[in-house]
Amino acid sequence: MADPRAEWEPLLGRAPGGSGHAWAAGSAACRSVRGDPGAASRWDLCFDQATVFIEDAIQYRSINHRMDARSMWLYRLYYSNTCQWILSFTIFLILFLAFIETPSSLTSTADVRYRSPPWDPPCGLTESIEGLCLLVFVADVSVKSYLVGWAQFQKNLWLLAYMVVLVVSLMDWIVSLGLVCQEPLRIRRLLRPFFLMQNSSMMKKTLKCIRSSLPEMASVMLLLALHLCVFTMFGMLLFTGEKQDDGQDRERLIYFRNLPEALTSLLVLLTTANNPDVMTPAYSRNRAYAIFFIVFTLIGSLFLMNLLTAIIYNQFRGYLMKSFQTSLFRRRLGARAAYEVLSKTTEGEAHPQRVGVKPQDFLQVLHKVQLDSAHKQAIVEKVCSYGDDLLSADEFQKLFNEFDKRVIKEHPPRPEYGSPFLQSAQFLFSHRYFDYLGNFIALGNLVSVSVFLVMDADVLPEDRDDFVLGILNCVFILYYVLELLLKVFALGLPGYLSYSSNLFDGLLTVVLLVLEISTLAVYRFPHPGWKPEMLGLLSLWDMARLVNMFIVFRFLRIIPSMKLMAVVASTILDLIKNMRAFGGILVVVYYVFAIMGINLFRGVVVAPPGNGSLAPDNSSAPCGSFEQLEYWANNFDDFAAALITLWNVMVVNNWQVFLDAYRRYSGPWSKIYFVLWWLVSSVIWVNLFLALILEHFLHKWDRRTHLQSLAGDQETSYQMSVELLFRDVLEEPTEEELVEKLSHHPHLQLCR
């Protein structure tokens, strides 16, 4: 009979080549037997390896890293919450420096007419902070490079680029100090967004997908450029008037004076920003000229631009599925690696040879894994349901489905009352119809506020009589407080606070109560002709406005009560959570273009003469121009102003005003910058975002019934995450694929 103390046999061996040292300790531990005096400590090392593999599987991380004891300690330290928080804060800090370093954004307004001289930090202040951030990044890339090993480092383009960016940034930083912060250009400011991109795997995947979409987008862009050129030439030939005062010549002088102007006019018309202004001079003279602009808009705006959206959507259709498929493979691979480390081979007379993981071993490893207690408890219950038998590979993989479930906390028990009257009151005030009554009252409050806003729209604040509205608000707020107290009575304070909707409702009710008490304490009780003088920090009108804004905001409490609206709202929240990578891409392009804009256009917009008046005379400026519209705050004199200017151009409303103004202030080549920004932001990024929203929303909307069948009603124990929601359409990797992938691991090698 086999010795029961030696029931298991190792499954992992020593990796050949240069990575043998990294795996030697781990393989020796997994190859040990109980009779070895050091077997206990080496078996603990195997537990540590399994712990790391499980944490990699939970976080969808790659397992291609060193697995010796020292490297695993460094690896877990690097991915600890503290270290990741420090790294995230460092990235935020180095990006935020653009707001305070020269040119500083620390002014109350960006308007060049009223802006005070900005505060310029002394040389060495922001440079010291930036130097500390760069040191953190040096430590970050050093740790990453060590953990993946030299062979993997040479193949990892992101790590190589990380090293290059750091070297260039450090050299530029040294030059800044050497020139006493007087250098005309800081190259490292353009490179800062790279630190954000390299720290996000989703942003890397998004960039990869954008790169793969460029050929298809370029074909449509070429067709769009051809469309613009043909209609530009046609327009310049068409609008050549014989008389100086006819509609044709007015059209030519305003919009088709030369080739660049004509091209710009039609490019802006492609976004419909100057429609119908660009058509009006010629159309006023002859109806037939409208055909030219209508045909151009139909082909360009309604066909080619939408075709571009369709191409981007087609390219990214299934993007979420591909991303989830990759995440699923990483999870299964990490789980399989942990299984291989913990597996034992049993031999006995009554049972044939079996390979599996002892539940006690897995629970011991689970105790060391960084995971919240709720998920740990769920997994423990799942393991216990299998009994004392060895866990097979399939059963071991199924345990990891529990990580995708977001545990919904059970609501505390309600108070128990002995009196039949109190029991009836508790049933009444905890019923959903009581919530419906509260929603109806909130709707009435909102309607009353709306009515008074319409009635007093033309009345100055100091001439308004807020007596009736003040009385109504007092009554409604008293009801809100009463509703809060009755719900606390019915559910108990812990039960009341366990509902997120009650937290939202209760917090706003308390705020409204405090504001109302403050108003009554300062301005007394409402009465006819209630228009007291301003006392304290806020006038009566300001207090009333603040109360009404919170009342309007409180009306959002109806969302959970309407199932269809609740589904849409939850979908929007899930989109926000799962679209962080695309928001990060937007931050990157905004940051880069803002820094470029500051270097190109800083100081070109100059305040007009006589800017000491708060209302300078702009009657001499052409109608619709930058000066006549008083767009003086849209400039690139500091980082914050540049961001707002780029936002206004991305929206493309009146963006022809910016094109014309910066052409006059800085030269005709400025149009290239704005057109490039329009292509990147409005054409590529917005269409990409639209495609991803459609992809995500359609899948979630079509599968909401499936979600309810999996998660049940609100009283169930779990709520499914997006990954688990799509799990039924993902392809599970086969055992052969997992073993094959593990066999190519740079720091371990399977023995079987």
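Trainee: Which residue's backbone oxygen does the side chain of Thr 271 reach?

Mentor: This is a predicted model, where local features need pLDDT of at least 70, side-chain atom pairs count only at pLDDT 80 or more, and totals for chains, interfaces and linings use all residues. Residues are numbered from 1 along each chain as its sequence is written, and side-chain values use heavy atoms, without hydrogens and water. At 2.6 Å from the side chain of Thr 271 lies the backbone oxygen of Val 268.

Trainee: Is Thr 271 buried or exposed?

Mentor: Thr 271 sits in the loop between helix H12 (259-270) and helix H13 (280-285); helices are DSSP runs of H or I, at least four residues, numbered from the N terminus. Buried means under 20% relative accessible area, exposed over 50%, partly exposed in between (1.4 Å probe, protein chains only). Thr 271 has 14%, so it is buried.

Trainee: Which residues is Thr 271 in contact with, leaving aside neighbours within four places in sequence?

Mentor: Contact means heavy atoms within 4.5 Å. The list is Val 652, Trp 655 and Trp 678.

Trainee: How far apart are the sulfur atoms of Cys 123 and Cys 181?

Mentor: A disulfide is a pair of cysteine sulfur atoms within 2.5 Å. The whole structure holds one. Cys 123 and Cys 181 form it, with a sulfur separation of 2.0 Å.

Notes. Helices (H or I, at least four residues) and strands (E, at least two) are DSSP runs, numbered from the N terminus. A polar contact is a pair of N or O atoms within 3.5 Å; within protein, one must be able to donate a hydrogen and the other to accept it, and residues adjacent in sequence count only if both atoms are side-chain atoms.
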